[in-house]
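Q: Could you take me through this structure one feature at a time, giving the general idea before the particular case?

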Amino acid sequence: MSEFTPTWQQPSHPDLIEVVKGDEPYQAAAYSLVSLPAGALFSKITTATPASQDTYTSVANGENSRIELNSDLVYCNHSCDPSLVFDMTNFEVRVSEHRPLAAGDALTFFYPSSEWTMVQPFKCGCNAGAACLGYIAGASAIPPSVLGRYWLNDHIRALLDRSSNGNGQMDQMSQPAADGARVEGAKA
């Protein structure tokens with residue numbers, strides 16, 4: 001899968017986001033240009049369009065629906081200790097409840113908060129220390145006890161509720177990490 005080419009005018013959020021592109025493909029990142037308190041609105045999602053298929057740039061906004069952001073918000077990378085929440089019910093991006101956002105902070109969100117499965121699972125490199133889950137393949141691959149530590153979109157909570165097999169674990173949760181380790185708490 002090749003790296004995408006933006007179709008929107010950049011920068012899309014000149015007062016909020018700085019996009020830094022790396023020397024190699026897939027190394028772009030977004031950084032905050034503003035400081036905001038925990039829980040504050042960072043941005044409304046106003047340029048989204050329906051996505052006809054799952055892509056690595058699309059974001060699930062329901063159990064059977066996805067959108068393309070069509071803005072520099074697409075450069076917000078994953079973190080197991082995210083700075084932002086992508087609320088796909090209200091089409092807004094908020095600062096995480098557990099910490100404020102400072103100018104210069106990396107703009108990140110917890111991908112499984114919107115993604116039940118992922119078209120491109122990956123070995124996580126978020127540098128969240130012991131909080132890092134190691135391998136990101138969507139919420140379906142993470143134990144409910146671990147997901148409980150995160151803000152999750154309504155459609156992920158609904159899928160989680162339906163997939164629970166009554167003992168606090170989900171069916172088909174075993175997901176090996178790229179280095180052979182397993183997500184903490186996953187079934188063997």
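A: Let us begin with the pockets. The largest pocket is lined by 38 residues, and those nearest its centre are Cys76, Asn77, His78, Tyr111 and Phe122. Two or more lining residues come from each of E5, strand E7 (77-78), strand E10 (108-109) and strand E11 (122-123). This is a predicted model, in which local features need pLDDT of at least 70 and side-chain atom pairs count only at pLDDT 80 or more, while totals for chains, interfaces and linings use all residues. Residues are numbered from 1 along each chain as its sequence is written, and side-chain values use heavy atoms, with hydrogens and water left out.

Q: How is a pocket defined, and what volume does the largest pocket have?
A: On a 1 Å grid over the protein atoms alone, a cavity is a set of points where a 1.4 Å probe fits but cannot get out, whereas a pocket is an open set with protein on both sides within 12 Å along at least five of seven lines; lining residues have an atom within 4 Å of a point. Grid points are joined across faces, edges and corners, and a volume is the space filled by probe spheres set on the points. For the largest pocket this volume is about 880 Å³.

Q: Which secondary structure elements does the chain contain, and in what pattern?
A: Helices (H or I, at least four residues) and strands (E, at least two) are DSSP runs, numbered from the N terminus. The chain has two helices and twelve strands, and along the sequence these follow the pattern β-β-β-β-β-β-β-β-β-β-β-β-α-α.

Q: What is the order of the strands in the open sheet?
A: Strands of a sheet pair through backbone hydrogen bonds, either parallel or antiparallel. Two strands are taken to pair if DSSP finds at least two bridges between them. Here an open sheet of three strands has the order E4-E6-E5, with antiparallel pairing. E4 and E5 stand at the edges with a single partner strand each, so one side of each is left without a neighbour in the sheet. Strand E4 (residues 49-50) is joined to strand E6 (residues 65-68) by two bridges, and strand E5 (residues 58-62) is joined to E6 by four. Ile67 of E6 is the bridge partner of Pro50 and also of Val59, while Ser65 in E6 is the partner of Gly62. A hairpin through two residues connects E5 to E6.

Q: Which residues of helix H2 are buried, and why do they line one face?
A: An α-helix has 3.6 residues a turn, so residues three or four places apart point the same way. A residue is buried under 20% relative accessible area, exposed over 50% and partly exposed in between (1.4 Å probe, protein chains only). In helix H2 (residues 154-163), the buried residues are His155, Ile156, Leu159, Leu160 and Ser163. Seen down the axis of H2, these buried residues fall within an arc of 140 degrees, so they line one face of the helix; the arc is that of the directions from the helix axis to the C-beta atoms. The face turned away from the buried side of H2 carries the exposed residues Asp161 and Arg162. Among the elements that cover the buried residues of H2 are E5 and helix H1 (144-147).

Q: What does Ile17 contact, leaving aside its neighbours within four places in sequence?
A: Contact means heavy atoms within 4.5 Å. Ile17 lies in strand E1 (residues 17-20) and is buried, with a relative accessible area of 3%. With those neighbours left aside, Ile17 is in contact with Ala30, Tyr31, Leu33, Phe42, Asp72, Leu73 and Leu107.
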